[in-house]
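Here's a quick briefing to keep beside you while you look through the fold. Have the sequence and the 3D view open, and let's walk through it topic by topic.

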Amino acid sequence: FFFAQLRPRTLPKADAAARCGMSALAEAEAACAPYGNEPSRCGFELSRSLLLAVRESRAHRPDLVLKFGQYLLRSHAGRLGAEVWAMYEQVYIALLHYGRRPRAAGSGAEEPSEEMRLASEYYSLLAARFPDSMRVKRLEGMMWEAKGEYDMAMADYDEILEEEPNNLAALKRQVALLRARGKPAEAAKRLAAHLEVVGSDADGWLQLCDLYLSQAQYQRAKFCMEELLLLNPMAYIHHLRYAEILLTLGGIDKGGNADLVRTARKYFAHSLDLKPRGNLRALYGLLLCCAAAPKGQKTAAEVEELGACAQKKLLEEYGEAKATSMLDTVKAMSTALLS
């Protein structure tokens, strides 16, 4: 019953601006397609619109940023005006993404890549223009990360947080760095301290939940999901993950915990109410809850009916997806669970 270890493939995007940005990004990419996605053919306005859409949607597209951003900085830096500094920052982060990649065999181990050399140049320009900026200090920490100098990066983030204790960007860089270094307990401690102050940070609660799950601290992960349900009660994925944690807790107790399993069943069902189609995890969760339900109770007939309904819906989902090779397997498995 360790469904709680699964990470969701997608998360609900409650931020309307981000959704609009994604739409604008798709439109900008479509506009660039007739020109072969060649920046010099797309020109200034189209290239600028594309990178603005990437920035506003918070999409991770270093390929587009590097290709179109370098063109703009090389050929149209003067036309960008004050926006040139945001462009330097955007291209700088994309350069770090490519600069941290392993070098080709035969290259010198100490020789910095071309991307890292250019990133250092852009950082110098930003630091000279904004010498006391904590945002630029964070960019320096990201460069240390890309170079593998994690202690130097942590020192930069600590310095930022001393000046600005609620600097969310620096805190999240620290948490990501601690996770990457195999220190989930320390990462969870720092994130929990932040959430005591900023309890409305949904991304923070999600990260903290994942940290607790990675350490099998299911009760604490359960609390995180309860906070997320309060923040966004219409997100089907929150109900689903909460149900998975409850089912995990109900399964690992000695002899099982019927109350937790019953509650998990309700949340799986509510997740299906919010997302009736393509919600296979909730259907499988319902099957497991029905299989784990104690036999011989007054509600046994209802549980049996619910299990049969979940099985039917599962088979319909696979049938509509034309996954015919899976139908017999799913049918045999679900029948065995419910027998």
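A helix here is a DSSP run of H or I with at least four residues, numbered from the N terminus. L80 sits in one of these, helix 4 (residues 77–80). Keep in mind that what you're looking at is a predicted model.

**The overall picture**

- The protein chain has 17 helices and zero strands.
- Out of 339 residues in the protein chain, 41% count as buried.
- If you take the contacts in the protein chain with a separation of 6 or more, 58% of them come from residues 24 or more positions apart.

- Is L80 buried or exposed? L80 counts as buried, because its relative accessibility is 6% and the cut-off for buried is under 20%.
- Not counting residues up to four places away in sequence, L80 touches F44, R48, L72, L73 and M87.
- Take F44 from that list: F44 and L80 are 36 residues apart along the chain, and their C-alpha atoms are separated by 9.3 Å.
- L72 and L73, also touched by L80, are among the buried residues of helix 3.

- Helix 3 (residues 62–75) has 14 residues, which should span 20 Å at 1.5 Å a residue; the end C-alpha atoms are 19 Å apart, so the two values agree.
- The buried residues in helix 3 are P62, L64, V65, L66, F68, G69, Y71, L72 and L73.
- Helix 15 (residues 280–292) has 13 residues and reaches 18 Å from its first C-alpha to its last, close to the 18 Å expected at 1.5 Å a residue.
- How many residues of helix 15 are buried? The number is 10 of its 13, and helix 15 is mostly covered.
- Those buried residues in helix 15 are R281, A282, L283, Y284, G285, L286, L287, L288, C289 and C290.

**Helices 5, 7 and 9**

- The axes of helix 5 (residues 83–99) and helix 7 (residues 134–147) come within 10 Å and cross at roughly 15°. That angle is under 35 degrees, so helix 5 counts as roughly parallel to helix 7.
- Helix 5 passes helix 7 in a left-handed crossing. The contact brings E89, Y92, I93 and L96 of helix 5 up against R135, R138, L139, E140, M142, M143 and A146 of helix 7.
- Sorted by type, the residues of the helix 5 and helix 7 contact are seven nonpolar, no polar and four charged.
- Residues three or four places apart in an α-helix point the same way, because there are 3.6 residues a turn.
- E89, in helix 5, is a charged residue that is buried, with a relative accessible area of 11%.
- What does E89 touch, leaving out residues up to four places away in sequence? E89 touches L126, R135, R138 and L139.
- Now go from helix 7 to helix 9 (residues 168–180): their axes come within 10 Å and cross at roughly 15°. That makes helix 7 roughly parallel to helix 9, and the crossing is left-handed.
- R138, M142 and E145 of helix 7 make this contact with A169, A170, R173 and L177 of helix 9. By type, the contact divides into four nonpolar, no polar and three charged residues.

**Helices 16 and 17**

- The axes of helix 16 (residues 300–320) and helix 17 (residues 324–338) come within 10 Å and cross at roughly 170°. An angle over 145 counts as roughly antiparallel, so that's the label for helix 16 and helix 17.
- On the helix 16 side, the contact is made by G307, A308, Q311, L314, L315, Y318 and G319; on the helix 17 side, by M326, L327, V330, K331, S334, T335 and L338.
- The residues of this contact divide into eight nonpolar, five polar and one charged.

**Two loop residues with positive phi**

- Most residues other than glycine have a negative phi.
- K322 has a positive phi near 60° and isn't a glycine. You'll find K322 in the loop between helix 16 and helix 17, where it is exposed, with a relative accessible area of 69%.
- N37 isn't a glycine either, and its phi is positive at about 55°. N37 lies in the loop between helix 1 (16–32) and helix 2 (39–57), and is partly exposed at 31% relative accessible area.

Terms used:
Residues are numbered from 1 along each chain as its sequence is written. This is a predicted model: local features need pLDDT of at least 70, side-chain atom pairs count only at pLDDT 80 or more; totals for chains, interfaces and linings use all residues. Side-chain values use heavy atoms; hydrogens and water are left out. Buried means under 20% relative accessible area, exposed over 50%, partly exposed in between (1.4 Å probe, protein chains only). Contact means heavy atoms within 4.5 Å. The expected span of a helix is 1.5 Å times one less than its number of residues. Axes are lines fitted to C-alpha atoms, for helices over the stretch in contact, and angles run from 0 to 180 degrees between N-to-C directions. Angles under 35 degrees count as roughly parallel, over 145 as roughly antiparallel, 65 to 115 as roughly perpendicular and the rest as oblique. A crossing is left-handed if the near helix is turned anticlockwise from the far one by less than a right angle, and right-handed if clockwise.
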